[in-house]
Protein chains: 2
Amino acid sequence: MIAVDVMGGDRAPQVVLEGGLAAARKSVPIAFYGPGTMIEQWLDAKDPAWRTYAITVVDAPEAIDMAAEPVSAVRKKTNSSLVRAVASVSSGKSVAVVSAGNSGALMAASTLFIGKQEGVLRPAIAGFLPSSQGKVLVLDLGANTDCRSHHLQQFAHMGVNYLTHLTKNIRPRVGVLSNGHEPGKGNVIVKEAHQLLQKDTLNFIGNVEPYDIFAGRADVVVCDGFVGNVLLKTMESVAEQVHTDTAARDEMDSVRGGALLLGVKGVVLVCHGNADARAIEQALVQAWNVSHGNNYK
Amino acid sequence: MIAVDVMGGDRAPQVVLEGGLAAARKSVPIAFYGPGTMIEQWLDAKDPAWRTYAITVVDAPEAIDMAAEPVSAVRKKTNSSLVRAVASVSSGKSVAVVSAGNSGALMAASTLFIGKQEGVLRPAIAGFLPSSQGKVLVLDLGANTDCRSHHLQQFAHMGVNYLTHLTKNIRPRVGVLSNGHEPGKGNVIVKEAHQLLQKDTLNFIGNVEPYDIFAGRADVVVCDGFVGNVLLKTMESVAEQVHTDTAARDEMDSVRGGALLLGVKGVVLVCHGNADARAIEQALVQAWNVSHGNNYK
């Protein structure tokens, strides 16, 4: 069962319910967390046959605001769609959770209820960005806006572990995002991370620039969550502006389904706040695949 | 006269000479700084009529490597094409300088020879990024990889001053680049800069995200040079990958001509290291327009 935070996202609950229903029609078992009566009424109106699909509705009447302070919101709103959906993973009821809600709250709830993997300092949001040579795993895409160099080093390990598990590529090429290839390029944190990674056991190829990502010159690229978020949103904005080329735009949209929160003991998929129904549906299918060891695409 | 650093750039001297010759044919007076004999031979072979254009060749036999440590390179190589071209602005021989060379060295030389404007802590690279509503001035695009919040605040003033001078828009909308609109979003520096700008006299509209830039929701957007460089290069990489749509790509290429080094007492245009001849030509025409008070486009 995949838990869905029905009240999370700029366009919730509408697009979340639509995406969830679409995934359920593709045989992904869905648990909708949110105001129960509202959800059932919506489903009744939309598709009277919904009770024949693998859909469960769990009443969680509260909602966490997109702009709420994450930690206090999670502690206060224990009956919110977000917290209840995350908690269902820790209790074993669900194999994964998908939310387009307050990403800070999602991370806080995941850390609190599901727990960090042993040794992990900070969970990070990891997503596959498109390249001409397949996909590149980039992290952190927004969980940690202020990082130290050893955090970036650990993100590299988390990304490599995940990719190795997923693709059987045992020596993924690791790069650190910078403003130039030379080891002396970067801000202070990036320069330090470069030094740490050079002494590390990973297959570190050095600094990479944005065009190296899109050219597929690395398999795992690390950056702090502020920079990663700017990278991701710039990529999407440009692809969207170049609206005449639908194929290219779809390609750039590929990360939109959902990004994975790495470093927690469960499958947590983070969707964009402005995710549409298709993105939610994709994230739910991804969540199902990831939690069943299928290839993450 | 516009001074050109012939030996600056990944594809120098070839593309710099081509771009310079093209601009000279458009009646922009050009001073080529670099190895004199080589330049004259190249011009003789390419266009025997070059001596009838407003072209001057100044012998500056040394070259500063793209990867050289900026400050020591500028101090040591006083007879380099970059240093001599910059110095020609301080001596009044040239009205502007254009270089695709080592941008750190260009900034160091500009600070040393041309000098900072009064009160400016750090010159910053400013460029116009395309939006659906005209262009947006973004700075810093790469001069300062590590900034404090008051640097960002000053970048806002430098950008506003420039834009006001240029467009007669006396209340440009100022935003600070962040990972969310809420004042609490951003890394530590961005959050502090938000507070400083809120108390300032500028027309501050708050945090902006990358898509706000491309939607033209601000006129001036500030960020540190590391983030700005990632933003710029991501934009260009995506636009380049979407190669089938030439019009869109040209639009995204618009900043490529050259970005302006704001905060120094002279016109300094910074081109990409990988600038092609067309970009150099555009930068030279821009330099001419900027130094003659025409609209910067």
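Q: What do the buried residues of helix 4 of chain B pack against?
A: They pack against strand 1, strand 2, helix 3 (70-76), strand 4 (96-99) and helix 5 (103-114) of chain B. Contact means heavy atoms within 4.5 Å. This is a predicted model, where local features need pLDDT of at least 70, side-chain atom pairs count only at pLDDT 80 or more, and totals for chains, interfaces and linings use all residues; side-chain values use heavy atoms, with hydrogens and water left out. Residues are numbered from 1 along each chain as its sequence is written, and chains are lettered from A and ligands numbered from 1 in the order in which they are written.

Q: What makes helix 4 of chain B mostly covered?
A: Buried means under 20% relative accessible area, exposed over 50%, and partly exposed in between (1.4 Å probe, protein chains only). Of the 10 residues in helix 4 (residues 81-90) of chain B, 7 are buried. They are B:Ser81, B:Leu82, B:Val83, B:Ala85, B:Val86, B:Ser88 and B:Val89. Just after the helix, B:Gly92 takes a positive phi of about 90°.

Q: Why is helix 4 of chain A called largely enclosed?
A: 7 of its 10 residues are buried, so the rest of the structure largely encloses helix 4 of chain A. The buried residues are A:Ser81, A:Leu82, A:Val83, A:Ala85, A:Val86, A:Ser88 and A:Val89. Their packing partners in chain A are strand 1 (2-5), strand 2 (30-34), helix 3 (70-76), strand 4 (96-99) and helix 5 (103-114). A:Gly92 follows the helix, with a positive phi near 90°.

Q: What counts as a helix or a strand?
A: Both are DSSP runs, numbered from the N terminus: helices are H or I, at least four residues, and strands are E, at least two.

Q: How do you know that B:Asp47 is buried?
A: Its relative accessible area is 8%, so B:Asp47 falls under the cut-off for buried. The residue sits in the loop between helix 2 (36-46) and strand 3 (55-59) of chain B. Beyond its neighbours within four places in sequence, B:Asp47 is in contact with B:Leu21, B:Arg25 and B:Tyr53.

Q: What makes the pair B:Asp47 and B:Arg25 a polar contact?
A: A polar contact is a pair of N or O atoms within 3.5 Å; within protein, one must be able to donate a hydrogen and the other to accept it, and residues adjacent in sequence count only if both atoms are side-chain atoms. The side chains of B:Asp47 and B:Arg25 are joined at 2.9 Å. That value is within the limit, so the pair is called a polar contact.

Q: Why is A:Lys168 called exposed?
A: A:Lys168 has a relative accessible area of 65%, so it is over the exposed cut-off. Its loop lies between helix 6 and strand 7 (173-177) of chain A. Phi of A:Lys168 is near 65°, a positive value in a residue other than glycine.

Q: Is B:Ser27 buried or exposed?
A: B:Ser27 counts as exposed, at 59% relative accessibility. It lies in the loop between helix 1 and strand 2 (30-34) of chain B. Its phi is positive, about 70°, although B:Ser27 is not a glycine.

Q: What makes the pair A:Lys233 and B:Glu209 a salt bridge?
A: A salt bridge needs a side-chain nitrogen of Lys or Arg within 4 Å of a carboxyl oxygen of Asp or Glu. The closest N and O atoms of A:Lys233 and B:Glu209 are 2.4 Å apart, so the pair meets the rule. Across the interface of chain A and chain B, the rule finds 2 salt bridges.

Q: How many residues of chain A are in contact with chain B?
A: 34 residues of chain A are in contact with 34 residues of chain B. By class, the chain A side has 17 nonpolar, 12 polar and 5 charged residues. Nonpolar covers Ala, Val, Leu, Ile, Met, Phe, Trp, Tyr, Cys and Pro; charged covers Asp, Glu, Lys and Arg; the others, Gly among them, count as polar.

Q: How do you know that the copies meet through the same surface?
A: 100% of the interface residues of chain A are also interface residues in chain B, so the surface is the same.

Q: What relates chain A to chain B?
A: A rotation of 180° with 0.0 Å of shift along its axis superposes chain A on chain B (RMSD 0.1 Å). The two copies are thus related as by a two-fold rotation axis. The superposition is by least squares on the C-alpha atoms of residues with pLDDT of at least 70 in both.
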